[in-house]
Amino acid sequence: MVELDIQIPSAFDPFAEAQDTDAPGAKENVHVRVQQRNGKKCLTTVQGLKKDFSYEKILKDLKKEFCCNGNVVQDKELGKIIQLQGDQRKNVSQFLVQASLVKKDRIKIHGF
């Protein structure tokens, strides 16, 4: 019999190198969504920030910057979520990048 020198490919994880970095917001995506309330009113939610960030300080800066109201909501499955009044999707994404909290390619904007 002839022995062949065959290498069986192991499981390749294309995201393995992305998980190794310790940059802010490098492990998970940050989701910025807009939800319709009633009439023309809507609500912007920010989910997926790192747990070691101070959500209250981020919320305070967001409220001051965009002249809107908001609060931090604790969810069992999703963790802490920042809610802001109005459609603030673009503003929030720019703020998070400028404050170096999240990389630009890790922000996912959802909504109509």
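**Entry 1: helix pair.** I note that H2 and H3 are oblique to each other, because an angle counts as roughly parallel under 35 degrees, roughly antiparallel over 145, roughly perpendicular from 65 to 115, and oblique for the rest. I looked up the angle: the two axes cross at roughly 125 degrees and come within 11 Å. Axes here are lines fitted to C-alpha atoms, for helices over the stretch in contact, with angles from 0 to 180 degrees between N-to-C directions. Contact means heavy atoms within 4.5 Å.

**Entry 2: ground rules.** The model is predicted, so I kept its limits in view: local features need pLDDT of at least 70, side-chain atom pairs count only at pLDDT 80 or more, and totals for chains, interfaces and linings use all residues. Residues are numbered from 1 along each chain as its sequence is written, and side-chain values use heavy atoms, with hydrogens and water left out.

**Entry 3: fold.** I find 3 helices and 5 strands. Along the sequence they run α-β-β-α-β-β-α-β. Helices (H or I, at least four residues) and strands (E, at least two) are DSSP runs numbered from the N terminus. Of contacts between residues at least 6 apart in sequence, 52% join residues at least 24 apart.

**Entry 4: core.** I looked up the largest nonpolar core, which has 18 residues. Strand S1 (30–36), helix H2 (55–66), strand S4 (79–85) and helix H3 (89–98) each give two or more residues to this core. H2 supplies the largest share, 5 residues. Such a core is a set of buried Ala, Val, Leu, Ile, Met, Phe, Trp, Tyr and Cys residues joined through side-chain atoms within 4.5 Å. Among the residues with the most contacts inside the core are Val 46, Leu 49 and Leu 96. Leu 96 touches Val 30, Val 46, Leu 49, Leu 101, Val 102 and Ile 107, leaving aside residues up to four places away in sequence.

**Entry 5: Ser 93.** Ser 93 lies in helix H3. I asked: is Ser 93 buried or exposed? Ser 93 is buried, at 12% relative accessible area (buried is under 20%, exposed over 50%, partly exposed in between; 1.4 Å probe, protein chains only). Ser 93 touches Ile 107 and Ile 109, again not counting residues up to four places away in sequence.

**Entry 6: burial overall.** Of the 112 residues, 29% count as buried.
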